[in-house]
Amino acid sequence: MNVVGTVFNLNTPKKLFLNVSFENSFINESNAAALLPKYNIPDFDNLTLANVKLNFYGKPVKFKTKIESDIGKGKIKLDGWLNIEEPQLVYNFKYNFKNLNIKKIISKKTNLNLNGSIKGRGVNPSSLNVNFDLTMHKSKFDGYNIDSLAINTISKARKITLNLNSLVNGAQIFTKGKLDFTNKKFPAYNLQGFVKNLNLAKFSNDSTLSSKLNFSFDAVGKDLKLDNMIGNFHVKLNPSIFRDKKINNANLKLVLWHNDKKRRISLTSNLVDFNVNGNFSLEKAISLMNYESNTISSILKRKLYQLN
């Protein structure tokens, strides 16, 4: 480690001020987690930054910094400031990553090229207030080819505004909307978007699912657990292809509602309409339907085999 710079007020800790630079250094990420335990920084024991160039200007608890480093065959750049002396962590950073493989963090192979910014206060989801921007291009994530990806999220008081536009494995995916986690038990959401040229074979590694699907959607509801979910869900299928068969326009509307004593499911589409009312578990009903359909399919296959 090579360090050059100036330290002011060394004999007065409360007024300590640093203007220093580090060259050709190494940083183990777990050291940061150990030094700042109250901020719950994730500890990635095997993550090491090499050939680090770091500029530090300010007090130990309130400073500006620039970092350039190698991580494996990739490179990262960070430029911003951090304030640790506030009750909640305050930060404002711009970042740039090239050929970044974060398998040691998420256990999935990646090659990421991206840039963006993050500005906010706090790291705890209950009090997080942050504006996050990300732009990605010519990247790979766990086998997915990401030609482009743009995300903007604004999080405040457990409410998130989301905008996402991407081109992944040749499919264009656009989503915008709001997520509300103020009620921990029943999160709410209002999302709209569309998907173009979706080939399920590329996302599932199953060549029998060759397709070119085009559809739009909107979802307004509460809760993500199947048995607690209520809301209105609409999918509009535009001309598409599935397994070499053309599909015309189609509409599907699903309404889920329930209280402690009753559940109602209403499905409206071009092909079939049905309504179900009663007191039942949606998860168990779906599980039973899958079991019954598999059983019927097996019986039919046996009968056809006997006929032959």
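The exercises below work through one predicted model, each with a solution in steps.

The structure is a predicted model in which local features need pLDDT of at least 70 and side-chain atom pairs count only at pLDDT 80 or more, while totals for chains, interfaces and linings use all residues. Residues are numbered from 1 along each chain as its sequence is written, and side-chain values use heavy atoms, with hydrogens and water left out.

**Exercise 1. The chain as a whole**

State how many helices and strands the chain has, and what share of its residues is buried.

Step 1. Helices (H or I, at least four residues) and strands (E, at least two) are DSSP runs, numbered from the N terminus. The chain has 4 helices and 18 strands.

Step 2. Buried means under 20% relative accessible area, exposed over 50%, and partly exposed in between (1.4 Å probe, protein chains only). Of the 308 residues, 29% are buried.

Step 3. Accessible areas come from the Shrake-Rupley method with a 1.4 Å probe; for residues, only the protein chains shown count as cover. The chain exposes about 20700 Å², and 56% of this comes from carbon and sulfur atoms.

**Exercise 2. The nonpolar cores**

Find the residues that touch the most other members of the largest nonpolar core.

Step 1. A nonpolar core is a set of buried Ala, Val, Leu, Ile, Met, Phe, Trp, Tyr and Cys residues joined through side-chain atoms within 4.5 Å.

Step 2. The largest core has 30 residues, and those touching the most other members are Leu 82, Leu 100, Leu 114, Leu 134 and Met 136. Strand E6 (residues 90-100) gives this core its largest share, 5 residues.

Step 3. A separate, second core has 8 residues, among them Tyr 189, Leu 191, Phe 233 and Ile 265.

Step 4. Contact means heavy atoms within 4.5 Å. When neighbours within four places in sequence are left aside, the contacts of Met 136 are Leu 112, Asn 113, Leu 114, Ile 146, Asp 147, Ser 148 and Leu 149.

**Exercise 3. Salt bridges**

List the salt bridges and say how exposed their residues are.

Step 1. A salt bridge is a side-chain nitrogen of Lys or Arg within 4 Å of a carboxyl oxygen of Asp or Glu. The whole structure has 3 salt bridges.

Step 2. Lys 59 pairs with Glu 85, with the closest N and O atoms 3.5 Å apart. Lys 59 lies in strand E3 (residues 48-59) and Glu 85 in the loop between strand E5 (74-83) and E6, so the pair ties together parts that are 26 residues apart in sequence. Lys 59 is partly exposed at 27% relative accessibility, and Glu 85 is partly exposed at 42%.

Step 3. Lys 75 pairs with Asp 70, with the closest N and O atoms 2.9 Å apart. Lys 75 is partly exposed, at 49% relative accessible area, whereas Asp 70 is buried, at 17%.

Step 4. Lys 108 pairs with Asp 142, with the closest N and O atoms 3.7 Å apart. Lys 108 is in the loop between helix H2 (103-106) and strand E7 (110-121), and Asp 142 is in the loop between E8 and E9, 34 residues apart.

**Exercise 4. Aromatic pairs**

Classify the pair Tyr 95 and Phe 97 and the pair Phe 174 and Phe 194.

Step 1. Rings of Phe, Tyr and Trp (its six-membered ring) pair if their centres lie within 6.5 Å; planes under 30 degrees apart count as stacked, over 60 as edge-to-face and the rest as tilted. The count by this rule is 7 aromatic pairs.

Step 2. Tyr 95 and Phe 97 are 5.4 Å apart centre to centre with 35° between the planes, a tilted pair. Both residues are buried.

Step 3. Phe 174 and Phe 194 are 5.4 Å apart centre to centre with 25° between the planes, a stacked pair. Phe 174 is in strand E11 (residues 171-180) and Phe 194 in strand E12 (residues 188-198), 20 residues apart.
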